[in-house]
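Hi,

Here is the structure I promised to pass on to you. My notes on what turned up in it follow below.

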Amino acid sequence: MPSKTIDIESLKKKAVIFRRDILETLEAAGSGHPGGSLSAVEIFLSLYGYQVNHKPNDPRWEDRDRVIVSKGHVSPVVYTTLANFGYFPKEELKTFRKFGARLQGHVHTKVPGVEFNTGSLGHGLSFANGIALGARMRGKDFKVYCVMGDGEIQEGSVWEAAMTAAHYKLDHVCAIIDYNKVQENGPTNEIKNLEPLRDKWTAFGWNVLDVDGHSIEALRVAFDEFGSTKGKPTVIIANTIKGKGISFMEGKSAWHGKAPNKEQLALALKELE
Amino acid sequence: MELKPTPTRDGFGEELVTLGKTNQNIVVTSGDLEDATRAEYFKKEFPDRFYNLGITEQDVVGTAAGLSTMGYVAFATSFAVFLTNRAYDMIRLDVCYNNLNVKVVCSHGGVTVGEDGASAQCLEDFAIMRVLPNMRVICPADYIEAKKATRVMVKTSGPFYMRTSRSPLPIITREDDHFTIGKANVLRDGKDATVIACGAMVSEALSAAEKLKHEGIDLKVVNMHTIKPIDVQMIIKSAKDTGAIITAEEHQLAGGLGSAVAEVLVLNYPCPMEMVGVKDSFGESGSPAQLLAHYGLKDINIIEAVKKAVSRKKG
């Protein structure tokens with residue numbers, strides 16, 4: 001049985017709002033990363049919408065679940081999520097990437113709700129493990145989530161951390177891979193093949209869940225399974241589409257790190273109607 | 001009690017145990033070199049607060065960063081080459097950019113590592129650590145100073161890098177000497193020139209001063225245990241009082257203590273300056289004594305540099 005009652009339909013409506021906010025934020029900034037932001041909408045929506053224990057009006061609440069954004073370039077989806085859940089005013093999204101703004105190009109702890117400055121890949125999982133080890137020593141029972149990109153896990157440091165989490169049986173750590181299958185210069189598995197991805201994580205001692213990363217229902221089942229898995233860390237391989245929701249961005253590496261212009265934004269918003 | 005020459009890593013390891021008895025918030029990560037860094041003393045006393053993460057330096061730093069956010073003073077330990085070079089991006093981003101309470105403490109600095117050769121002899125750590133915002137860089141001159149530095153790091157929140165030695169170093173400081181981050185200690189006053197040294201080179205500087213006394217040169221010796229933040233006032237005062245500065249370090253000439261001192265002098269009080277250090281070269285295998293001699297890191301090299309600097313003084 002799912003642990004909490006959630007309103008799937010309302011979350012699905014939120015997903016559309018998130019995508020619109022992401023695209024408007026990027027257009028206003030004139031630069032940034034739409035592809036991996038749009039692919040991760042349902043992941044962040046699920047985390048903050050029903051999965052994590054958090055208090056937007058008390059972002060440093062000591063018993064909060066931690067969400068570590070290891071793929072720091074998807075700041076548009078992170079900031080959009082935090083703004084929509086009340087961590088800071090939505091108007092502030094217009095300041096994204098502007099001089100003097102809190103909303104730095106890659107996620108930054110100046111922004112309420114962000115736990116860790118990232119932007120160089122392969123850093124989040126070790127950091128998440130460190131928090132999880134600290135929580136165990138302190139007798140805290142919160143969970144630690146770490147959102148990573150698929151291209152990111154080409155970094156060797158990810159696998160160092162993967163060994164640590166399994167070795168110390170960090171069953172309160174949940175890694176989520178946004179497997180959108182496209183990185184900056186092309187298809188991930190043509191550039192450096194990740195497959196067999198499930199087998200790799202299984203061999204490293206993880207509980208592996210392979211789901212449709214755009215299905216809030218499927219993600220919810222996976223999170224519930226994470227909650228009931230003891231003795232090993234969980235990784236959710238969230239199968240997604242890069243640029244999800246916008247036809248001309250979907251699956252295109254060209255939209256990894258490029259903002260839409262005004263015309264492209266108008267076209268994109270039309271598709272979301 | 002007369003102390004025999006002792007590696008500074010021993011001072012670190014022993015003091016960490018002492019501190020760990022009263023401070024439950026000290027935790028340590030290690031890249032399977034705790035025997036060499038002396039972090040194993042802590043491991044034996046407090047196994048529940050010690051993590052040997054295996055040969056994964058990036059993880060050693062990143063995990064320490066995560067631990068620090070739970071209110072711990074996290075020590076990340078290994079050889080200097082492995083943490084400062086291999087895990088540089090983790091030190092830069094996780095520790096310094098996030099400004100976390102992580103102390104990167106590394107043994108095996110300099111050529112006095114000895115027989116293991118160049119791959120284990122770190123000669124660039126001061127340079128690459130001191131360019132990082134929020135980072136403070138310490139290189140203690142002896143066992144006593146290593147203990148004090150360890151105490152101060154625990155008391156002072158934020159990122160630190162400390163290099164310790166594998167080789168025994170003579171005891172040249174006293175228990176009651178002040179140790180303040182960013183404040184250098186004058187070990188000997190003089191009027192003709194000043195040697196500013198750190199780590200193993202401090203005792204060589206003292207020896208050079210003794211020998212130069214017989215040649216009529218009165219040498220001031222400064223122990224610059226903190227390379228960042230550097231003691232600007234001490235450098236300027238020494239330049240004004242003695243008119244010539246000589247730096248000495250077991251490190252590349254580029255980017256290290258000498259460079260840091262030169263930056264201060266050029267901007268504030270230019271004067272004749274000479275630098276003793278490793279000249280754009282990797283180390284090699286040999287005994288510490290042989291290597292110090294080969295790379296020009298002995299008292300005689302300091303003497304030569306002092307004479308050159310003094311001869312460049314006007315009038």
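Let me start with a loop in chain B: B:P229 sits between β10 (226-228) and α10 (232-242) of chain B. Helices here are DSSP runs of H or I with at least four residues and strands are runs of E with at least two, numbered from the N terminus. The peptide bond leading from B:K228 into B:P229 is cis, with omega near -5 degrees.

Before going further, some housekeeping. This is a predicted model, in which local features need pLDDT of at least 70 and side-chain atom pairs count only at pLDDT 80 or more, while totals for chains, interfaces and linings use all residues. Residues are numbered from 1 along each chain as its sequence is written, and chains are lettered from A and ligands numbered from 1 in the order in which they are written. The model scores ipTM 0.97 and pTM 0.97. For chain B, the mean pLDDT (the predictor's confidence in each residue, from 0 to 100) is 97, and 99% of its residues reach 70 or more.

Back to the backbone. Chain A also has a cis peptide bond, from A:E195 to A:P196, with omega near -5 degrees. You will find A:P196 in the loop between α7 (188-191) and α8 (197-203) of chain A. In chain B, B:D32 has a positive phi, near 55 degrees, although the residue is not glycine. B:D32 belongs to the loop between β1 (26-30) and α2 (34-37) of chain B. For context, most residues other than glycine have a negative phi, and most peptide bonds are trans.

Next, the domains of chain B. The assignment, automatic or from a database, gives domain 1 (8-163) and domain 2 (185-312). Their C-alpha centres lie 26 Å apart. In contact (C-beta atoms, placed from the backbone, within 7 Å) are 24 residues of domain 1 of chain B and 29 residues of domain 2 of chain B. On the domain 1 side, α7 (125-130), β5 (136-138) and α8 (143-155) of chain B are the elements that give two or more residues.

Chain B also has an open sheet of five strands, ordered β7-β9-β8-β11-β12, with mixed pairing. Strands count as paired if DSSP finds at least two bridges between them. β7 (185-188) and β12 (273-278) of chain B each have a single partner strand, so one side of each is left without a neighbour in the sheet. Within the sheet, β8 (193-197) and β9 (219-223) of chain B pair in the parallel sense over five bridges, and B:A197 has B:N223 in β9(B) as its bridge partner. Helix α13 (residues 299-312) of chain B packs on the sheet, touching β8, β9, β11 (245-252) and β12 of chain B.

In chain A, α1 (8-29) and α10 (262-272) pack at about 180 degrees, with their axes 10 Å apart. That makes the two helices roughly antiparallel (an angle over 145 degrees). Axes are lines fitted to C-alpha atoms, for helices over the stretch in contact, and angles run from 0 to 180 degrees between N-to-C directions. Among the residues that meet there are A:V16 and A:L23 in α1(A), and A:L265 and A:L269 in α10(A).

Finally, how many residues does each chain bring to the contact? Chain A gives 19 residues and chain B gives 20. On the side of chain A, α5 (124-138) and α6 (156-167) each supply at least two residues, and α5(A) gives the most, with ten.

Best wishes

Conventions. Angles under 35 degrees count as roughly parallel, over 145 as roughly antiparallel, 65 to 115 as roughly perpendicular and the rest as oblique. Two residues are in contact if their C-beta atoms, placed from the backbone, lie within 7 Å.
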